Number of protein chains: 2
Amino acid sequence: MRDVALLAGVGIKTVSRVINGEANVSPSTAERVRRAAAELAYEPDLHAGNLRRADGRSRTLGLLVSSVANPFAAQVHRAIERVATEHGYAVFATSLEDDPDAELRAVAALARRRVDGFVVTPVRDDQTYLRVHVDRGTPLVCVDREPHGIETDSVVTSNVAGARDAVRHLVSHGHRRIAFLGDLERIQTAALRQQGYLDELAAAGLAADPALVVLGLHDDASATAVARRLLTLPDPPTAIFSSQNLITIGTIRALQQLGLEHQVALVGFDDVETSDLLKPSVTTVAQDPDRIGRLAAERVFARLDGDTGPPRHLVVPARLVVRGSGEIPAPGAGRR
Amino acid sequence: MRDVALLAGVGIKTVSRVINGEANVSPSTAERVRRAAAELAYEPDLHAGNLRRADGRSRTLGLLVSSVANPFAAQVHRAIERVATEHGYAVFATSLEDDPDAELRAVAALARRRVDGFVVTPVRDDQTYLRVHVDRGTPLVCVDREPHGIETDSVVTSNVAGARDAVRHLVSHGHRRIAFLGDLERIQTAALRQQGYLDELAAAGLAADPALVVLGLHDDASATAVARRLLTLPDPPTAIFSSQNLITIGTIRALQQLGLEHQVALVGFDDVETSDLLKPSVTTVAQDPDRIGRLAAERVFARLDGDTGPPRHLVVPARLVVRGSGEIPAPGAGRR
DNA sequence: TTGAAAGCGCTAACAC
DNA sequence: GTGTTAGCGCTTTCAA
């Protein structure tokens, strides 16, 4: 900046004024400064400025997700980035891989970089530690999962309702023995989807068979193994509700291996990229990551703009996408 | 930091020493400082420190990709993040959506935030403007595409060789009329894959039929339309080489619509998530985004560690994954 | 309309 | 071992 001032033959403050588009600079002076800056390829140091700047904003957001490579998280990320860019903000994204300690480390690393806001997918079972940051004026919005120990804005999918929709859909096609393949129980969304499954079975007056409920699945291989086991039971399920992407893929593989993909109905939570190319095409309860990300980012900026209202808990509905696999009728469930 | 010093009853410099793990602090003093810091939930301001610190490192990397939501880019991103985290670095990722101006804006925004290194997927047809940053000591590594107008480290897929492998594979199954469905010509990887296609046809002594080469495809819908047209030609191709993910998906849809998925061979460049669940399963030339990202990040850190050797151009081989669709023989090409 | 001086939170250099 | 002083690149305050 000094060099630019020197080259333009003005004071350092005048350069600052031009850079920040402040008033009270004669057009000719401004032009001279801009030329000097261009010649030296000068880029102002945002951090140095922030040190003294009244608002002290780093124009940076911190995002914590399961993994930036996870398709759902990546779409949430993209939506947040879009809103952030409109506001002149850059986004730090960090992958937690469901590691509770990584959550702590990531928040600290971002706090040291003085992000203006956090968008967090909680992993730990207690987010109380985040209160300090909120109290210091760094807004926090939780996405995908509700936080524990802190009241803050959140944006989540309608997990229970979505799961109920899936099960109701299967019931309406005559199914009475519907299996549930769930993720690790400690993952909130997994628990909620299981709850929706149980709720809807109860509402339909159906007894849940514990033998058809398997939890703790986290990848497609384990899902394939479990689905194969269930499908070769003496009294196998006639339909399966798989609660997550990879589990759905694993389940399809099992169905194909057993040649049952046109006999046993399947509804998966979370959309699969090429659902419609499969045979049968996969009926899913699709989430709306774009909307989730957008709403979360908008909440952060609303808080940064001074919104001090009570925490808002936004629920983005999941949508049943009918494609074929979920409409396979139960055996002997023709019209009656 | 002053507050911590006050609370611990020490000078400000002692706090600095403890925070940075410098020597010459008595264990008891250090402990007192750490306690004070914990009590105040003090997080040092990384940027303020950098202002004076000798190395002036922000411990931050800037990444420019097509879109953080693109599966290939997201995996590259994750790999870079992994290496970055090991080094105590955070990553800014920016989506360019193939917009040349976005590239310029993103680089400026990251320069103002004083990133220590750039990993860039070039979009513009001239990267000369990046030279200033490299000269100022900010290493630059290009990924996926080679830059123009600047000599710098790069990590790319073996596009030509991969495309040749795909075509050779189809030729070995008796195909003589092989269509090529390509992305926008201005995208470097698209052009290279086309070149590989042409090279291999020539090497096999086959004439390329211009009617079977379609470029300028960028989404699955247009690919479906074009594939349908080609497949209903009087003298249709017996095999298709699709040069990119979405084009492969669009082509599969066309094949399914025409009921030709078991008659016409298909090899796609770029892996599709659920390739193996489709019928037939899709033979692809898979890239290795994890390796690309890791190598790129390692190059950045090597430069930051003082490597001043000549630019390195790393090529990560694409690998033919045989799954079924590419092994469909040409009609009448049985044993002979 | 412009610039000089002070200070943001921290580290470097040099005392003690 | 520890503290003091100066200064990083910028914005604020205030005087000209």
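**Around the DNA**

Modeller: Happy to! DNA strand D is surrounded by 25 residues, and the closest are M1(A), S16(A), G49(A), G11(B) and L51(B). Bear in mind that this is a predicted model.

Biologist: Which helices each supply at least two residues of the surface near DNA strand D?

Modeller: In chain A they are helix 2 (12-19) and helix 4 (46-52), and in chain B they are helix 2 (12-19) and helix 4 (46-52).

Biologist: And how many residues of that surface near DNA strand D are charged?

Modeller: Six are charged, next to 11 nonpolar and eight polar ones.

Biologist: Nice. Switching to the protein pair: how many residues of chain A are in contact with chain B?

Modeller: On the chain A side there are 40, and they meet 40 residues of chain B. Helix 4, helix 5 (71-86), strand 2 (90-95), helix 6 (100-112) and helix 11 (245-257) of chain A each give two or more residues to the side that touches chain B.

Biologist: What rotation superposes chain A on chain B?

Modeller: A rotation of 180 degrees, with 0.0 Å of shift along its axis, and the RMSD is 0.1 Å. So the two chains are related by a two-fold axis. Both copies use the same surface, too: 100% of the contact residues of chain A recur in chain B.

Biologist: Good to know. Now inside one chain: what domains is chain A divided into?

Modeller: Domain 1 covers 2-39, domain 2 covers 50-157 + 289-315, and domain 3 covers 159-288 + 320-331.

Biologist: How far apart are the C-alpha centres of domain 2 and domain 3 of chain A?

Modeller: They lie 32 Å apart. As for contacts, 10 residues of domain 2 of chain A meet eight residues of domain 3 of chain A.

Biologist: Which elements of chain A give two or more residues to the domain 2 side of that contact?

Modeller: Helix 5 and helix 12 (289-304) of chain A. Helix 12 of chain A gives the most, with four residues.

Biologist: And what classes of residue are on that side of domain 2?

Modeller: Five charged, four nonpolar and one polar.

Methods: Residues numbered from 1 in each chain as written. Chains lettered and ligands numbered in written order. Predicted model: local features only at pLDDT ≥ 70, side-chain atom pairs only at ≥ 80, totals over all residues. Near = placed C-beta within 6 Å. Nonpolar A, V, L, I, M, F, W, Y, C, P; charged D, E, K, R; others polar. Contact = placed C-beta atoms within 7 Å. Least-squares fit on C-alpha atoms with pLDDT ≥ 70 in both. Domains from an automatic or database assignment.
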